[in-house]
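Q: I am new to this structure. Please pick out a part and take me through it closely, step by step.

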Amino acid sequence: MAEGKGYGKCIMFNEHFVVYGIPSIVSAIGDATVATAEETESGGTQLIDSRPATPGYKEEKKEQQEDSLRRILNAMNIPLNKNLRITLKGNLYAASGVGASAASCTAIARALSQLFDMELDDNRINEIAYEGEKGYHGTPSGVDNTASTYGGMIWFVKGEPSTFDPIKIPHPIEIVMGNTGTVANTKAAVAGVQERKEKNPELYDQLFNQARNVAHDARKALESSELKEVGRLMNVNHQLLQKIEVSNNDLDTLVETARKAGAFGAKMTGGGLGGYMVALTPGQSLQEKVAKAIEKKGFSVLKTKVGV
Ligand code: MEV
């Protein structure tokens, strides 16, 4: 039986802005999806999804998942009706905002590469995972599959070609990710930004320039371990995301709760309009405190680290 892994991710700066070539900072998190693949006698290609998940997530994403798998098989020149069983598992929660789709695409590509002795390197796996992401996002920036494939903390700029390089931080940093429990549609969120940007080009240009500056300042702060400054910049980034209308009441409540409990900073993360928020909580005791405050409000949390 062949096996492959893809990391979950947390976008620390500039989701959405990244789609337009503004630099973003993303990190793999400790949680991952594992795919197994085996050849079968009959039945065509079967996908068994055994990941833990936000209620409703798998049903909502079923069609997108099927489209994604077709794209992965195509990209790998594997016939669409091949007798195969692919199983998804691992400890990454299948939910919006944690890179669940990208992690599954990466894991599947790696498992299939191993099953058919293709010996694909990470660059090729990343390209295939990007093709798979199109089933979920339409026109993904590529930031999620890059984090899922390579791990670590990454400076990512979409372009022709996209560029990325590792951001070196001295130690992994504790974070709390709070789950709104709402399954969000990233495609719709991205389309909404595009529509509003076309209607208000001047305002959006200003906001996009501010987002660019935030990313550059955040990179410096991360590399010099000025974590209070990183947190402050996350708060600024959340404000910008509110202004482009991709946050919502639950995300804002989670952000406020995390800040009141002592987080260095907090923001929504990923596509928004539901899904997850991320709070910077260096040290285990702060992480516990912030996680408890969020749980008290009735939301579930993921306690993990960035820079792993
Ligand atoms: C989704 O995780 C991140 C977005 O920026 C979309 C993308 O980059 O493709 C919202």
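A: Start with helix H5 (residues 186-199) and helix H6 (residues 201-223), which pack at an angle of about 115 degrees. Their axes lie 5 Å apart. (Axes are fitted to C-alpha atoms, for helices over the stretch in contact; angles run from 0 to 180 degrees between N-to-C directions.) This is a predicted model: local features need pLDDT of at least 70, side-chain atom pairs pLDDT 80 or more, while totals for chains, interfaces and linings use all residues. Residues are numbered from 1 along each chain as its sequence is written, and side-chain values use heavy atoms, without hydrogens or water.

From H5 come Val-193, Arg-196, Lys-197, Glu-198 and Lys-199. They meet Pro-201, Tyr-204, Asp-205 and Phe-208 of H6 (contact: heavy atoms within 4.5 Å). Of the residues in this contact, 4 are nonpolar, none polar and 5 charged.

Now turn to strand S5 (residues 153-157). All 5 of its 5 residues are buried, so S5 is largely enclosed by the rest of the structure (buried: under 20% relative accessible area, 1.4 Å probe, protein chains only). Both faces are covered. Met-153, Trp-155 and Val-157 sit on one side, Ile-154 and Phe-156 on the other.

S5 also has partners. Strand S2 (residues 24-39) pairs with S5 in the antiparallel sense, over 4 bridges (pairing takes at least two DSSP bridges). Here Ile-25 stands opposite Trp-155. Strand S6 (residues 163-166) is also antiparallel to S5, joined by 4 bridges. There Val-157 faces Thr-163 as its opposite residue. S5 and S6 form a hairpin, with 5 residues between them.

How values were computed: Helix = DSSP H or I, 4+ residues; strand = E, 2+ residues; numbered from the N terminus. Nonpolar A, V, L, I, M, F, W, Y, C, P; charged D, E, K, R; others polar. Buried < 20%, exposed > 50% of the residue type's maximum accessible area, 1.4 Å probe, protein only.
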